[in-house]
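Student: I have just opened this entry and would like a guided tour. Could we go through it one question at a time?

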Amino acid sequence: MKRVLKSTEMSIGGSGENVLSVHPVLDDNSCLFHAIAYGIFKQDSVRDLREMVSKEVLNNPVKFNDAILDKPNKDYAQWILKMESWGGAIEIGIISDALAVAIYVVDIDAVKIEKFNEDKFDNYILILFNGIHYDSLTMNEFKTVFNKNQPESDDVLTAALQLASNLKQTGYSFNTHKAQIKCNTCQMTFVGEREVARHAESTGHVDFGQNR
């Protein structure tokens, strides 16, 4: 009997034998860290990853200056330790470097893949981003680390983009630069990821959707 793929799955290479699927992580303010931790460790190491970022920022105040961090270096190092603080490109780059694994972010709204440290490392993980939330991507519900030099890599990345396109069509993506995002807890609306992040950090609210 042929397997029927769900909307969160995509066949790799067209054979149907291998499937790329979404591994959902907790919908809280630490979703980026949950997604990376599952992809690399298969376990929840959120606090360890936050501490890793904090130490790297403190140890490199010139590289991670106030302008880059949008706040004083030491303040940022303390802020990122808080479980309600959202992570993004800065944290992805630091964790990728520290763990010597490239991190490929599959952007659903843009239907593209942003590759962090592709030039440094052969191994990579895939995380999915819908504009306000991150999840992990896994092959056959287990494999999460891939090698860019392996023949299957091209098919995996093609499947990731196809999956992103399908999810976008179902309304799972959020263009935070244009669309209004609504907090489903208090019904306030925001434009831009920064506004959403600030609201989440100040209130603890984590349930957001696109305001239609």
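**A walk through the predicted model**

Student: Which residues are buried in helix H1?

Tutor: Helices are DSSP runs of H or I with at least four residues, strands are runs of E with at least two, and both are numbered from the N terminus. Helix H1 covers residues 31-41. Buried means under 20% relative accessible area, exposed over 50% and partly exposed in between, with a 1.4 Å probe and protein chains only. On that scale the buried residues of H1 are Cys-31, Leu-32, Phe-33, His-34, Ala-35, Ile-36, Ala-37, Tyr-38 and Gly-39.

Student: What share of the 212 residues in the chain do buried residues make up?

Tutor: Keep in mind that this is a predicted model: local features need pLDDT of at least 70 and side-chain atom pairs count only at pLDDT 80 or more, while totals for chains, interfaces and linings use all residues. Residues are numbered from 1 along each chain as its sequence is written, and side-chain values use heavy atoms, leaving out hydrogens and water. The chain holds 7 helices and 10 strands. Of its 212 residues, the buried share is 46%.

Student: At what angle do H1 and H2 pack?

Tutor: Contact means heavy atoms within 4.5 Å. On the H1 side it involves Phe-33, His-34, Ile-36, Ala-37 and Phe-41, and on the H2 side Val-46, Leu-49, Arg-50 and Val-53. The axes, lines fitted to C-alpha atoms over the stretch in contact, with angles from 0 to 180 degrees between N-to-C directions, are 9 Å apart. The packing angle of H1 and H2 is about 105°.

Student: How are H2 and H5 oriented to each other?

Tutor: Leu-49, Met-52, Val-53, Glu-56 and Val-57 of H2 meet Glu-91, Ile-94, Ile-95, Ala-98 and Leu-99 of H5. Their axes come within 10 Å and cross at roughly 95°. Angles under 35 degrees count as roughly parallel, over 145 as roughly antiparallel, 65 to 115 as roughly perpendicular and the rest as oblique. H2 and H5 are therefore roughly perpendicular.

Student: Does Ser-96 count as buried or exposed?

Tutor: Ser-96 belongs to helix H5. Beyond four places in sequence, Ser-96 touches Val-101, Ala-102, Ile-103, Phe-116, Asn-117 and Phe-121. Its relative accessibility is 0%, so Ser-96 counts as buried.

Student: How far apart are the C-alpha atoms of Leu-26 and Asp-135?

Tutor: Leu-26 sits in the loop between strand E2 (19-23) and H1, and counts as exposed because its relative accessibility is 52%. Leaving aside neighbours within four places in sequence, Leu-26 is in contact with Cys-31, His-34 and His-133. Leu-26 and Asp-135 are 109 residues apart along the chain, yet their C-alpha atoms are separated by 8.5 Å.
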